[in-house]
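Open your viewer and keep the selection tool handy. We will start with the whole chain and then stop at a few charged pairs.

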Amino acid sequence: MVVKINENYLKLESSYLFVEVARREAEFQKNHPDADIIKMGIGDVTKPLVPKVVEAFKSAVDEMAEADSFKGYGPEQGYDFLANAIIETDFKPYGVSLDTDEIFISDGAKCDTGNIQELFDLNNKVAVTDPVYTVYVDTNVMAGRTGFMNDDGMYDGLVYLKCNAENDFIPELPEEPVDIIYLCYPNNPTGTTLTKEQLKVFVDYAKENKSVILFDAAYEKFINEDNVPHSIYEIEGAKEVAIEFRSFSKTAGFTGTRCAYTVVPKELKGYTEDGEEQSLNALWNRRQTTKFNGVSYPVQKAAEAALSKEGQEQIKEVIDYYMENAKVIRESLTDLGLQVYGGVSSPYIWVKTPNNMDSWAFFDLLLNEANVIGTPGSGFGPSGEGYLRLTAFNTLENTKEAMDRISKLDF
């Protein structure tokens, strides 16, 4: 007998996108040790935790040092104090009512969007937007829900909903029936948004077809447009068809602190092979209590502080800072004659490469000639070819310097 591997992993055509970006960066830095590289590729924040969060974090750590306030294992789903703060701050202002047992605190939206597919049968037909956040695709490949990648860069068995300039980055409904639809808005990587009316089209489709929408709203705090919903649950009937993912990473600077949450409404149902209704809330609860021990108490207290009035005011200043960077990038590249999308309600700017240059060639040009790192659009799917993603998560000084360097390039 020999140990057999999960051969679905062998279907993955390349390493995780950002691993390849890091490899090229490291190779360039090794060959050019004095180069001052400005990183605008991976979506990692650069501003520190705000004072209100740090204060709560430290206080919670002090509690852990005293016998009478020490906390051991907490509830796998998260503490009610944080769930209540989430409901009051993130949903009630938009007319959305939720119960605490519909909120599941976790250590990251990346983990949750990857793990959620465990609830669903392998025979479900899955649709993703194209371009797409790679975790949605890769985790379904790993699970065995797809075939191999075809020559067009698409995995056999997945349904791709094209999003590019030709359709104003508004995905059309799938042409064939699908069971699961991944949507991310504000979108990563394109930085574009959907209006309530455009999102309602997908909710109505899901209700009609008994499908489930997996809605990644990790960037909702960056929304600056009145007609763009902050939660899919602002759409009537969405609780019957949608799971929503949120994160403190980009909004409150928790990329290294790790805290997020997933909303699974009790109205949401899945079905057995025999057509029997099952609560997806109950299934996710069982999954989390079996495979997850919860987020640490100090981190959850820090997250609660992030949702306080003072915390929100401090965090808004940070978000406004990043969005000023986005404005600088968007306007600078537009002035250079490039086609630029996003950066209005998102920290991501999606740039059409000049002169039909392919994505990795443009990446290499920026790295080698301007010492600026972006993320090649082709790494997000075939419709990302010919684009490059830049992030606003840097200092204003670096952002302006990067734009100055790029302005001197000969495209």
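Here is a short tour, from the overall fold to single side chains.

**Before you click**

This is a predicted model, in which local features need pLDDT of at least 70 and side-chain atom pairs count only at pLDDT 80 or more, while totals for chains, interfaces and linings use all residues. Residues are numbered from 1 along each chain as its sequence is written, and side-chain values use heavy atoms, with hydrogens and water left out.

**Stop 1: the whole protein**

Show everything as a cartoon and you have 12 helices and 15 strands to look at; these are DSSP runs numbered from the N terminus, with helices being H or I of at least four residues and strands E of at least two. The C-alpha atoms fill a box of roughly 60 × 55 × 55 Å along the principal axes. Now colour by burial: 53% of the 411 residues are buried (buried is under 20% relative accessible area, exposed over 50%, partly exposed in between, with a 1.4 Å probe and protein chains only).

**Stop 2: the salt bridges**

How many salt bridges does a search of the whole structure find? The search finds 25, each being a side-chain nitrogen of Lys or Arg within 4 Å of a carboxyl oxygen of Asp or Glu.

Select Glu25 and Lys39, whose closest N and O atoms are 3.0 Å apart in a salt bridge. Glu25 sits in helix α1 (residues 17–31) and Lys39 in strand β1 (residues 38–39), so this pair ties together parts 14 residues apart in sequence. Glu25 is buried at 16% relative accessible area, whereas Lys39 is partly exposed at 47%.

Next, select Asp90 and Arg246, a salt bridge with its closest N and O atoms 3.7 Å apart. Because Asp90 belongs to helix α3 (residues 80–91) and Arg246 to strand β7 (residues 242–247), the pair ties together parts 156 residues apart in sequence. Are these two buried or exposed? Both Asp90 and Arg246 are buried.

Now move to Asp99 and Lys266, whose side chains meet in a salt bridge at 2.9 Å, N to O. Asp99 is in the loop between α3 and β2 (103–106) and Lys266 in the loop between β8 (260–263) and β9 (269–271), so parts 167 residues apart in sequence are tied together. Asp99 is partly exposed at 39% relative accessibility, and Lys266 is partly exposed at 32%.

**Last stop: a network**

Finally, select Glu20, Arg23, Arg24, Glu27 and Asp364 together: salt bridges that share partners join them into one network.
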